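Please keep the sequence and the model in view while reading.

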Amino acid sequence: MTYRFSTPALPLIVLTDLDGTLLDHHSYSFAAAEPALNRLRRAGVPLVIVTSKTRAEVARLADRLESPHPYVLENGALIALPPGYFGEDGGALIRLSPAYEELCAWAARIRREKGYRFRGFADMDAAAVAAATGLSEEDAALAKARDGSEPFIWEDTPEALQAFSADVEARGWRLMQGGRFYHLLGRTDKAYAAEQLLSHYRELPGEPLRSIALGDSPNDLPLLQIADIAVVIRRHDGSWMDAQVNGRKIQTEGIGPVGWNEAVGSILTELESTHV
Ligand SMILES: [Mg+2]
């Protein structure tokens, strides 16, 4: 079944983080966001997942969300474009980062040469990744199926990390700091990948789509900064990340998907009043 994108009833595109944003921090459920998700589906508004997760992890979720739209994977390392989405032949995995094998081979070599101590997903089996992440072993296997970025645990000094960071920089790649993990990837991030995708939508005829970006953590900040409307989702501990943005900013009262529903719902209501 192919889905070809057509101009939505409301000129909007939604870019969203998953964990702690569309998905509940504890249960990973998006049930609380269903009312707004249904309104987006009815209006044909693209829901674009922008995540640190892998293709295998997101494919399953996109099915449950009934989302036929593209998604950004592994912190911007890749864009998964469904077959025929923009009318082109075949689906595509657009790479914005070197192949996984190339990243891991380089990391292993420099570790050997300079004696750094770190442990990447490639060095761990699914049981070890499960232990380090809190994922089930089955989900850890999906997280290990990587295409363009390598998460690792730093087990060396801060000074060695500085040196490694300089090596990565000199190689033309980048390090991104997550929660427990650092991520090695090409010169890209969530915002860069989302911009690549937005440029495809902008080539289409019709009223330009306004972008809403939703996130809860500092790694979402670049994404929030490129959007027309930035939504800072309240975290499970009741806090919000610090976010300086140029455009309009909404901080949700609700936590996770409750806040997601609240913010997207109110933006839809606003737009509907000017587009019906
Ligand atoms: Mg998050």
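Leaving aside neighbours within four places in sequence, R95 is in contact with L78 and G148, where contact requires that the C-beta atoms of two residues, placed from the backbone, lie within 7 Å. This is a predicted model, in which local features need pLDDT of at least 70 and side-chain atom pairs count only at pLDDT 80 or more, whereas totals for chains, interfaces and linings use all residues. Residues are numbered from 1 along each chain as its sequence is written.

R95 and G148 are 53 residues apart in sequence, yet 7.5 Å apart in space from C-alpha to C-alpha. R95 is partly exposed, because 14 other C-beta atoms lie within 10 Å; on this scale 20 or more make a residue buried, 12 or fewer make it exposed, and partly exposed falls in between, with C-beta atoms placed from the backbone.

R95 lies in strand β5, strands being DSSP runs of E with at least two residues and helices runs of H or I with at least four, numbered from the N terminus. Strand β4 (residues 78–81) runs antiparallel to β5 and is joined to it by 4 bridges, and I79 stands opposite I94 in β5. Pairing of two strands requires at least two bridges found by DSSP. The sheet is open and mixed, with 8 strands in the order β5-β4-β3-β2-β1-β10-β11-β12; its edge strands, each pairing on one side only, are β5 (92–95) and β12 (248–255).

The protein is divided into two domains, with bounds that come from an automatic or database domain assignment.

The centres of the two domains, taken over C-alpha atoms, are separated by 26 Å.

The largest nonpolar core has 57 residues, of which V14, L15, V48, V72 and I212 touch the most other members; such a core is a set of buried Ala, Val, Leu, Ile, Met, Phe, Trp, Tyr and Cys residues joined through C-beta atoms within 7 Å. Domain 1 and domain 2 both give residues to this core, so it lies between them. Not counting residues up to four places away in sequence, V72 touches several residues, including V48, I79 and L197.
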